[in-house]
Every structure is written in C-alpha cells, then in structure tokens.
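Please look at the sequence and the model before reading on.

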Amino acid sequence: MNETIKHYDTVDFSGDGNALAIIDQTKLPGELIILELDTAESIWEAIHNLRVRGAPAIGVAAAIGIAVLMKKSEAKEVSEFDREFNEYKDYLETSRPTAVNLFWALEEMKKVLDRQDLAGVPERKTALIRRAKELREEDIDVCKRIGEYGLTLLKEGDGILTHCNAGSLATVKYGTATSPMYLAHEKGMKIHVFADETRPLLQGARLTAFELHNAGIDTTLICDNMSQTVMRNGWVNIVFVGCDRVALNGDACNKIGTSMVALAAKRNGVPFYVCAPTSTIDFETKTGEEIEIEERKPEEVTEMWYREPMAPNGVKVYNPAFDVTDHDLITGIITEYGILRPPYQEALEKLRDQIRSRE
C-alpha cells in the first residue's frame, strides 16, 4: 500500500456531504478503504464492529452520522423531525456501551434542537450539519493541544510505550496518546516507540504500528506480555495511553491490558500518562467500578486471526474489551486544558468548574 495515513482523516463527511465517510479499520493494514455510510443500520454496524473505533472517532462519527440521517429526513413538522432524531439517537447509543464520547457527541447534537431560533425543519437540518462539522474540527484542535502538553514531558532519545491505538486512527487527526509522538517527530526529535500488539483484536499491531511506521516514526512492535521486559531493560522512559472513559476519582477505562501496562510501569518507575480529551471524562461516574465493561464475542479470541480455530471446541471464553486502571497507578492525566495531577477528584472537579464557566 503506497498511501500515507497522514493524507486521510479517519472520520469526515463524504465529498457530496450526503454520507459519513470513514477509514474501514477492519481492513488495515492490508487495504486502505474509505466507506461512505448513509443509513442508520450501516452507521451502527460500523461503530459496533469496529470499522470506526477509538472513543473520539466514535463520537465524531456518531455526530456526522446522525446529521447525515436527519439531512435525508422527509419530516414536515418539527415535532415529527425531533421524534425521528431521538429514535436515531437512541439506536446509535446501543452500538458501543463503554466509550462515553458516543453519548456525549449525540447529546451535543441533541442540544442543537433545543435552540429556540430554529423555527423549521430546514433550519434544524442546517444547524445539525454545522454542529457536526464543529465537533470534527474541535477534535482536531483538542488532540493537537493534548500533544503539545505531552510534548513537554519528552526529551531527545526517549523511549515511549503505548497500548492499543489512541492514534490518528482513533480520532480525526493526530490521536491522543500518539499526538506527542507526532509533534516530536515534526520537530525532528529522535524518539523510539514500543507498540503493544493488543490482543485479541491487535489494534496495536494492525493500527498503531502501521500508522506510526507509515509516518516515519521509529517503531518496534511487541507482544502484550513483553511490556514488563522492555521497561525492565531500561528502554522505556514514559508511557502514553488513551482512554474510553475517566471516572471522577481518576480511574481510567481503556482497552483490555492497559492496567497490566500500568502495573509494570509502577514496578519499574516509569511515568504512566493517560491522554484524555474532556469529552472522555465522565463527571457523573464516581469510580471505575461503575463503568460498564463491554464483553465481546468469544470468536475474537479463539479463531479470528487463524486459518483454523486455535482453541478446543466448546471451551469457555471470557473476552472483556476494556479494563480499568486504578488512579493510584496514573502519573498524570493529559487533557486539552493541561496535565492533571493527583489528587484527581479535586483536579477533575476544578476542571469541571472551568468547563462550565465557559459554557
């Protein structure tokens, strides 16, 4: 494949504005295919089956998706239009239960309909499209700002470890955990990234290693159970990971295996940072124990990447998609407003007040 990933945005409107356009991440790294989706079923399927994935990208995809669906609405009355919107919103919210960005973005789109100046259906359609475009541009800006704060933690020659894919493929552009890496690379800093493969869906191998290597960043792919070894060898100076939800006490829910990386980092004295746009922070959830963890089908473990099944027929499989990293294992949480330090509940409540004062 000759395309450079930097030439594409993960999530966008199609060229004619009538569909949601996404990179089909289930085809990477072998093929770079752009899908154009214009039905509720196809958008739901793309989110549920990880054609688009990563909390920020899911949120933007849902926002663009519902704007596209409502653009096609044949409703004549505002009440009928709003009822149709709420039906689509409820349906799309069932696609992935863990990533808070999905619910946040759809709620942001719903707020558009609460405005008093949108008297008719045409005005509502225009406003929804405008807000979806704004959320897309905001995601790019937020990721770049996270990268700028993360960049202050890096020095020449640093080894960086990351888990899963919190890269440009998980957002519109730049990524969250990879944003400091891209900015460092743009500045000519020499860094070396270790990418965990991230079983069972191999987002680290298929996506992170692909996009970083494709962008020219020095990258080494490792199996998940090797993170302790490379840290103990002294090859890792810092860990950057993304997240799907941060609780008020600072517990962070991310792709399964993240908590094991955090434990290894703690044991080896390696700073462990969670890169979290504020759209990923759930101020209503007090601790990580309250976060619903999605459990996925057993075939992802037993046969997805094999020519023949690689486990005994009928064996039980436990396949949680995420785990929770306890706040006491986290050195800092990098947001677009700065780097939060413990005690996290105090820092997050202050951040919440700061955000509310700007609304």
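## Basis

The model is predicted, so local features need pLDDT of at least 70 and side-chain atom pairs count only at pLDDT 80 or more, while totals for chains, interfaces and linings use all residues. Residues are numbered from 1 along each chain as its sequence is written, and side-chain values use heavy atoms, with hydrogens and water left out.

Helices (H or I, at least four residues) and strands (E, at least two) are DSSP runs numbered from the N terminus.

## Helix packing

Helix α4 (residues 100-113) packs with helix α5 (residues 121-151) at an angle of about 145°, and their axes are 9 Å apart. Axes are lines fitted to C-alpha atoms, for helices over the stretch in contact, and angles run from 0 to 180 degrees between N-to-C directions. On the α4 side the contact (heavy atoms within 4.5 Å) uses Trp104, Ala105, Glu108, Met109, Val112 and Leu113, and on the α5 side Arg124, Ala127, Leu128, Arg131, Ala132 and Leu135. The contact of α4 with α5 has nine nonpolar, no polar and three charged residues. In these classes Ala, Val, Leu, Ile, Met, Phe, Trp, Tyr, Cys and Pro are nonpolar, Asp, Glu, Lys and Arg are charged, and the others, Gly among them, are polar.

An angle of about 145° is also given for α2 and helix α3 (residues 78-92), whose axes are 10 Å apart. The crossing of α2 and α3 is right-handed. From α2, Ala62, Ile66, Leu69 and Met70 meet Phe81, Glu84, Phe85, Tyr88, Lys89 and Leu92 of α3. Eight nonpolar, no polar and two charged residues make up the contact of α2 with α3.

## Backbone features

Leu28 and Pro29 are joined by a cis peptide bond with omega of about 0°, and Pro29 sits in the loop between β2 (20-23) and β3 (34-37). Another cis peptide bond, with omega of about 0°, joins Pro342 and Pro343. Pro343 belongs to the loop between β13 (338-340) and α11 (344-358).

Leu50, a residue other than glycine, has a positive phi near 65°. Leu50 is in the loop between α1 (40-48) and α2 (55-71) and counts as buried because its relative accessibility is 11%. Buried means under 20% relative accessible area, exposed over 50%, and partly exposed in between, with a 1.4 Å probe and protein chains only. Thr198 has a positive phi near 70° and lies in the loop between β5 (192-196) and α7 (203-214); at 0% relative accessibility, Thr198 is buried.

## Cavities

On a 1 Å grid over the protein atoms alone, a cavity is a set of points where a 1.4 Å probe fits but cannot get out; a pocket is an open set with protein on both sides within 12 Å along at least five of seven lines, and lining residues have an atom within 4 Å of a point. Grid points are joined across faces, edges and corners, and a volume is the space filled by probe spheres set on the points.

There are two cavities of 30 Å³ or more. The largest cavity holds about 200 Å³ of space and has 24 lining residues, with Arg53, Gly54, Ala55, Asn165 and Asp244 nearest its centre. Its largest share of lining, three residues, is from α2. The second largest cavity holds about 50 Å³, and its lining includes Thr198, Arg199, Arg296 and Glu300.

## Pockets

The largest pocket has a volume of about 1000 Å³. Among its 33 lining residues, Trp104, Glu108, Thr278, Ser279 and Ile355 lie nearest its centre. Helix α4 gives the largest share of this lining, eight residues. By class the lining of the largest pocket has 13 nonpolar, four polar and 16 charged residues.

The second largest pocket has about 240 Å³ of space. Its lining includes Leu50, Leu201, Arg296 and Glu300, and by class the lining has four nonpolar, three polar and five charged residues.

Definitions and conventions
Left-handed = near helix turned anticlockwise from the far one by under 90°.
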